[in-house]
Amino acid sequence: MNIHEYQGKQLLKQYGVAVPQGFVAFSPDQAVEAAEKLQSNVKVVKAQIHAGGRGKAGGVKIARTNEEVRAFANELLGKVLVTHQTGPQGKEVKRLLIEEGSDIEKEYYLGMVLDRSASRVAVIASSEGGMEIEQVAQETPDRIYRETIDPFIGLTPFQARRIAFNIGIPDKLVNKATKFMLGLYQVFVSKDCSIAEINPLVITKGGDVIALDAKLNFDDNALYRNKDILEFRDLDEEDEKEIEASKYGLNYIALEGNIGCMVNGAGLAMATMDIIKTFHGEPANFLDVGGGANKEKVEAAFKLIMSDPHVKGILVNIFGGIMKCDVIAEGIVAATEKIGLNIPLVVRLEGTNVDLGKEILHRSGLNITPASTMAEAAEKIVSLVDQAGGVAK
Ligand code: GDP
Ligand code: MN
């Protein structure tokens, strides 16, 4: 789960990581109110969306008066910001962070990320802050410094100092930078982050080491024990279909193609997507209904697939182990009774209660194309979608 920059900064502050003073604002009036509370003359008005690259896209404004703050707030609120991370459709700005301006001496990069191959947290740091780290990695890989953290010991002050020296933090600020990094690591571990990226981390002319930006991403599987993080969730920033799916505990990811998939088990779902592609089709989604789904869950899953206007055909591929084929069949019938079915549907059922499942589907009178192997199922749905006029790709 992603959170906004201002929320990330609140969290960092709790752990002793220095951040500029700032307040969130949902309207131009609130923006001015926030600006009045700030000590500094220069204020920064920052669009809050779950995407980076705001600076280059005009989402970060420097204001010298409160009237300028109001003007920038008016300009940004309601604007659709297109950055290199939002995709071409962009994201509408609904919140702003009004922050005290910082007198920047130099910008650095500091990121922590779970290195899955090493099963450890890796710290990535660079003297080249404020720009995309991917670009730095490609063009000047020697300017990236990396430390891997032993989970039993945690980030040590020694390692933090070594990072600071390697990216060229001035000697007299190394202690502050060390405190900063140890605090960030505490946030990362205590709150089950998957990414904590500070870009830029800046040193100011006044000799402070502060987080000018904060991008924190949390492991969804750990949210049950991080209720405070869950409070930060902003549904406006998430895909509607994915929100609906999470209500029913479905693992759903929207994709670009036009063949909807309903599958049980993540591995089978991946294999199903692969085989659709093998037959030159494109899946519209990844959907794992899970092992213990009931009729309501299956019904919700089917409706979810149908609600995507790009879907021109559906492939149901179920292996009934814990999941029973008759439950799947009942869910499909219940969903289509409510919303109809005017696109091709190929169903492949195998396993527990398979005959009962097939019987339920047969009795429903729905126009279903049965298949007995995965390859047959994929081939059939791709050709049915092709025939229906939609190119499968
Ligand atoms: P991003 O583009 O979405 O990553 O947004 P950032 O929060 O990183 O802001 C982009 C850039 O705006 C930073 O790299 C800074 O150069 C600049 N910026 C942000 N806040 C301030 C500030 O308080 N003072 C000054 N002078 N520049 C700022
Ligand atoms: Mn940034």
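**View 1. Ligand 1 sits in the largest pocket of this predicted model.** To find pockets, a 1 Å grid is laid over the protein atoms alone, and a pocket is an open set of points with protein on both sides within 12 Å along at least five of seven lines. A molecule sits in one if more than half of its atoms lie within 2 Å of its grid points. How many residues surround ligand 1? There are 17, and the closest are Lys-46, Arg-54, Gly-55, Ser-102 and Glu-107. To be near the ligand, a residue needs one of its heavy atoms within 4 Å of it. By class, this shell has 6 nonpolar, 6 polar and 5 charged residues. Here Ala, Val, Leu, Ile, Met, Phe, Trp, Tyr, Cys and Pro count as nonpolar, Asp, Glu, Lys and Arg as charged, and the others, Gly among them, as polar.

A word on how to read these views: this is a predicted model, in which local features need pLDDT of at least 70 and side-chain atom pairs count only at pLDDT 80 or more, while totals for chains, interfaces and linings use all residues. Residues are numbered from 1 along each chain as its sequence is written, chains are lettered from A and ligands numbered from 1 in the order in which they are written, and side-chain values use heavy atoms, with hydrogens and water left out.

**View 2. Zoom in on the oxygen atoms of ligand 1, and you meet Lys-46, Gly-53 and Arg-54.** A polar side-chain atom of Lys-46 is 2.5 Å from a ligand oxygen. For Arg-54, an N or O atom in the side chain is 2.7 Å from an oxygen of ligand 1. Gly-53 uses its backbone instead: a polar atom there lies 3.1 Å from a ligand oxygen. On its own, ligand 1 exposes 570 Å², and the protein buries 78% of that. Such areas come from the Shrake-Rupley method with a 1.4 Å probe; for residues, only the protein chains shown count as cover.

View 3. Asp-213 belongs to the loop between strand E11 (209–211) and strand E12 (215–218).

**View 4. Strand E10 holds Pro-200, and Asp-192 is in the loop between helix H6 (174–190) and E10.** The peptide bond joining Asn-199 and Pro-200 is cis, with omega about 10°. Asp-192 has a phi near 55°, a positive value in a residue other than glycine. Is Asp-192 buried or exposed? Its relative accessibility is 14%, so Asp-192 counts as buried. The cut-offs go like this: buried means under 20% relative accessible area, exposed over 50%, and partly exposed in between (1.4 Å probe, protein chains only).

**View 5. His-280 sits in the loop between helix H9 (266–278) and strand E15 (285–288).** This residue has a positive phi too, near 65°, and isn't a glycine. His-280 counts as exposed because its relative accessibility is 54%. Now look at Asn-264, in the loop between strand E14 (259–263) and H9. Asn-264 is buried, with a relative accessible area of 10%. Asn-264 and Lys-324 are 60 residues apart in sequence, yet 11 Å apart in space, C-alpha to C-alpha.

**View 6. Helix H1 (residues 5–14) is largely enclosed by the rest of the structure.** Why? Because 7 of its 10 residues are buried. Among them are Tyr-6, Gly-8, Leu-11 and Leu-12. Just after H1, Gly-16 takes a positive phi of about 80°. Zooming back out, the chain has 13 helices and 18 strands, and 50% of its 393 residues count as buried.

Notes
Polar contact = N/O pair within 3.5 Å; in protein donor to acceptor, adjacent residues only side chain to side chain. 1 Å grid on protein atoms, 1.4 Å probe; cavity = no way out; pocket = protein on both sides within 12 Å on 5 of 7 lines; lining within 4 Å. Helix = DSSP H or I, 4+ residues; strand = E, 2+ residues; numbered from the N terminus.
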